[in-house]
Structures are given as structure tokens and as C-alpha cells.
Amino acid sequence: MAAAMAWLRRGAWGPARRCGLAAGRSYSGGGAYPSVSLTCPLPGVPKAVFAAAEGRERFETRVTVLENGLRVASQKKFGQFCTVGLLINSGSRHEAKYLSGISHFLEKLAFSSTAQFGSKDEILLTLEKHGGICDCQASRDTIMYAVSADAKGLDTVVNLLADVALQPRLSDEEIEMTRTAIRFELEDLNMRPDPEPLLTEMIHAAAYRDNTVGLNRFCPVENTDKIDREVLHSYLRNYYTPDRMVLAGVGIEHEQLVECAKKYLLGVEPVWGSGQTKDVDRSVAQYTGGIVKVEKDMSDVSLGPTPIPELTHIMIGLESCSFLEDDFIPFAVLNMMMGGGGSFSAGGPGKGMFTRLYLNVLNRHHWMYNATSYHHSYEDTGLLCIHASADPKQVREMVEIITREFILMAGAVGEVELERAKTQLKSMLMMNLESRPVIFEDVGRQVLATNTRKLPHELCALISQVKSTDIKRVVTKMLHKKPAVAALGDLTDLPTYEHIQAALSSKDGRLPRMYRLFR
């Protein structure tokens, strides 16, 4: 740059100054550079045609509602492949009147034999012809059947999805194999070094005791033998109805997807019949707060050359809001501002090393192994929580550090800190939406909940509008709720629930002092 500036000051541009030529330049072999301008059109070369930004309609999600209530949503995306799937408003939160674990069973049974396909292998071979892969994921409020394949195979893909969702055979052999798979998964869940999935279940059970999203997402061991084809058909009859479904596609033409939907999903008789639905649970989540404790020996969780030390895991949460409310965006910014992670995470600002749980907790308390913020949001409620891990002897101090961080959320928020969190949230949103399967899930979930979709630039605009006063307002409202607490491991020094509640109601987040005559 310095050399270029000196060159400019000397006026060493010669006669071609206007067209950006450098006079007197030559190749290392001695030959002179050709006298060609960098800013004027090249002689004999056709005029360049530059790509123009397309209209906004190019990015809009199109939605069509069929006669039976099924919604068809599509989003254009450049490329040879597409992602298409069925999202159904069905999950563990709807199992109040049924045996717990049905959604877990349906997730494991997905893409097994159907009326058209004799086995899972036949389904996979059919997809392989179009370079396709399939997956099914069940959550608390949604079950999702998805296929990514060449866009030319759209007709085959929609036919397959309709058959998998509405015409599964659910043979005795498949159900028995599913029971075995679920038992193995439950054993593995209790043996994992990372207890986060287990703690997530516990914090939901504590926050929404015996209702909706507080119901167990995993099938209890005692229910594996009780769930059979009759139970599954009874559930499917009520929840796998067209008005509770969205067929979403990314990377395909909307008209083509609508035609396929009409062909394979309109007027189809499901294998369980089309009787009247009578047991649909429309309950709204009731936040209760509370504590769920599991005493467990964690000393031998991870043996080997680099064993993980014995840790006690605590998760403390408070009710936030649903993703349909305006306050959802400030809560998302707050969650990004808290951030956190494991004590061995590496990276710079993009990895969250400037978040509060890193700066205030992990950087100052070397004995803490983890401090991470999570935000779970649903159609009618939400839960903001912090997961922390430390040696069992330091549990009380760890809990106090976390309760103090909750209280500090309602304090001053620096402008730099807020802008960093907003920028990081927008960056994460846009980077995730580069992936076709992520766009598909975003389209499907938004249309399932609201019949429309907010586009990324709309969400970024909402994020930009968040102010420090918004953060303080939502936190103040949140701190008036009872806490939900999940604790796993050696809980000898765990403070009582009443003490944790008192700390979150105090001005500084400190636990009530305890005095002992004997130690």
C-alpha cells in the first residue's frame, strides 16, 4: 500500500491515466506489458452481462392449502438436489392420554416396510436411484419425515413419504426390533459421559410437571413391552391427520410439489382408517417450576487413558416465552449474550469466547468444567436455562455463581456486548440457512405453527431492533417465576430448592448463609 501511495504521489501513470494503465511496466523477461486498460472494454470481446439481484419473490416461501387441510410449502434454492419432507404436529407432548413413548417408537419405526415397499432395504434402494437419503426425527411437538434427493425424483420421493407416513405395516417383527433398539438407547443414555440429553429431560420434567412439554420424550423402559400395533394405530388415527401436516420442499418448483401432493396425499385412506378423531390433546403448557434430582455415581463414567473426573451436573431454568411472541427475539439475543461452553472449548469471538459465561464464569473459576446457556422455545411456552458442571465438593459455590449470573442479566448491558451478541446471532442464523435441510426444517416448522414464514432478512431486522431496555424487561419478567432445577450426580452439597429460589429472588443472587457447628 505504501509503494502504491508513493507511486500515486509521483504521478507515474503516463498517458493512459484515465483508463487505469501503468506506464513503463515490463515483464521480467524484458518485454513490455500490452497497452490494455483495466477499466475500458476490451477490444473484440463481447460486452459483459452482469447478474442482477432478483426480485423479492425469488426468496419468498409459497404456501398452498389443499382441500383436506394439508399445507404445501416450498422455497426455491439453486442446485440439483432438493429436500422434501412431511412435518406433523405430533410429539411426546401429546401423549397425556396414551402410553408415554409412542413418538419415540414412531421415530424408530420410520422408513420401515409399507404397503408399497416390502422392507427398509427396498426403500433405501429406491432412494439410491435418485442419490437420496432419508431421516426421521421426533421432538416434543413435531415429528418430521425428510428425504434429500435429486430434484428429478420428486414424484418418487413424495410417493415414498406418503406411503411411509400413512401406510406403514408395523409388523410384529419390526415392533420387536424397535423395542430392542429403544432399550439399548436408554442404556446408552445413562452411560454417556455427556449428560446433556438426560439433563434436558429432567429440566423439562421439573419446569412442566406432568403436562405437555414436561412429558418424557424417551420411552420409559416399563412401556416398551406395552406399546403394540393397536396402541400405535389409536394414536396415529388422532394425530396423523391432513390438517396437522405440512409437506415442505426446498429446491423444487411449487406447482410441481402441489401436483405431487394432490396425487399422493389427497383422498388417501390411511392404514388405520379415517375414523373421527376424539382424543386430540389441545392442552396449553402449564409452567410449574420445581426440582428433579437423580443421585448417581459419576466416578466411572469415562474410564481409559484420559478419564473424565467425577462431576456433578446442575441445570437451572426459568420460563421465557413462546416463539410466537414478540419477546422471542430479545430472549434469543440474551441467550447468545450468555453463550458459554466447556472449559476446553477453543476459538475466538465467533466461538463465543466473549460471552458472559466465558468471561464471568469459566475465565474466573478454573474448577468449573462447563457453563452453557440454552433456550428451548415452543408454540405456547419457553425455557431459558444454564447448565453447569463441577466437582461434587464445589456444588454449592457453583450454584451460587449461576444464580448470580441470572440476577446480573437484569443489570446493565453494554452497547458493545449487545451489538456483538446481535451480530453473532444474525451470523449464525444466516450461516445455518445456507444448508438445504436447515431451510427445509425452518420452512416446515414456521408454516406448521403460523401458516406463513418470516424470511431471514425480516428476522435480521427484528434482531437489529433489540435494545438493552428490551433485555432488561424480559429478564425482569422472567425472574418473577419459580425456578426449575435439574441435578445429576453426587448431590451431598446441593443447596435446597428453597435456597435456590431465595437466591434468584435476592438482589445479588447469593444463597442464604448456612452455619454449622460441626463439619
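**Note on the predicted model**

1. Lys293 counts as exposed, at 56% relative accessibility. Here exposed means over 50% relative accessible area, buried under 20%, and partly exposed in between (1.4 Å probe, protein chains only). Lys293 sits in strand E7. Helices (H or I, at least four residues) and strands (E, at least two) are DSSP runs, numbered from the N terminus. Beyond its neighbours within four places in sequence, Lys293 is in contact with Ala487, Leu491 and Leu494. Contact means heavy atoms within 4.5 Å. The C-alpha atoms of Lys293 and Gly489 are separated by 8.6 Å, although these residues are 196 residues apart along the chain.

2. This is a predicted model, in which local features need pLDDT of at least 70, side-chain atom pairs count only at pLDDT 80 or more, and totals for chains, interfaces and linings use all residues. Residues are numbered from 1 along each chain as its sequence is written, and side-chain values use heavy atoms, with hydrogens and water left out.

3. Next, confidence. pLDDT is the predictor's confidence in each residue, from 0 to 100. The protein averages 89, and 87% of the residues score at least 70. Among the elements, strand E5 (residues 143–150) has the highest mean pLDDT, 98. Helix H1 (residues 2–10) has the lowest, 42. Over residues 1–23 pLDDT stays under 50. For that stretch the model has 21 contacts beyond four places in sequence.

4. Overall make-up: the protein has 16 helices and 12 strands. Of its 519 residues, 48% are buried. Take the contacts between residues at least 6 apart in sequence: 77% of them join residues at least 24 apart.

5. Asp297 lies in the loop between strand E7 (290–295) and strand E8 (312–319). Asp297 is partly exposed, with a relative accessible area of 48%. Asp297 and Leu488 are 191 residues apart in sequence, but 9.2 Å apart in space, C-alpha to C-alpha.

6. Helix H9 is mostly covered, with 10 of its 11 residues buried. Among the buried residues are Phe331, Leu334 and Asn335. Just after H9, Gly339 takes a positive phi of about 55°.

7. How do H9 and H12 pack? The axes of helix H9 (residues 328–338) and helix H12 (residues 415–432) come within 9 Å and cross at roughly 105°. That makes H9 roughly perpendicular to H12. Axes are lines fitted to C-alpha atoms, for helices over the stretch in contact, and angles run from 0 to 180 degrees between N-to-C directions. Angles under 35 degrees count as roughly parallel, over 145 as roughly antiparallel, 65 to 115 as roughly perpendicular and the rest as oblique. Ala332, Val333, Met336 and Met337 in H9 meet residues of H12 including Leu418, Ala421, Leu425 and Met428. The contact has 8 nonpolar, 1 polar and 2 charged residues. Nonpolar covers Ala, Val, Leu, Ile, Met, Phe, Trp, Tyr, Cys and Pro; charged covers Asp, Glu, Lys and Arg; the others, Gly among them, are polar.

8. H12 also packs with helix H14 (residues 456–464), at an angle of about 170° and with the axes 10 Å apart. H12 and H14 are therefore roughly antiparallel to each other. H12 contributes Lys422, Leu425, Lys426, Leu429 and Met430; H14 contributes Pro456, Leu459, Cys460, Ile463 and Ser464. By class, this contact of H12 with H14 has 7 nonpolar, 1 polar and 2 charged residues.
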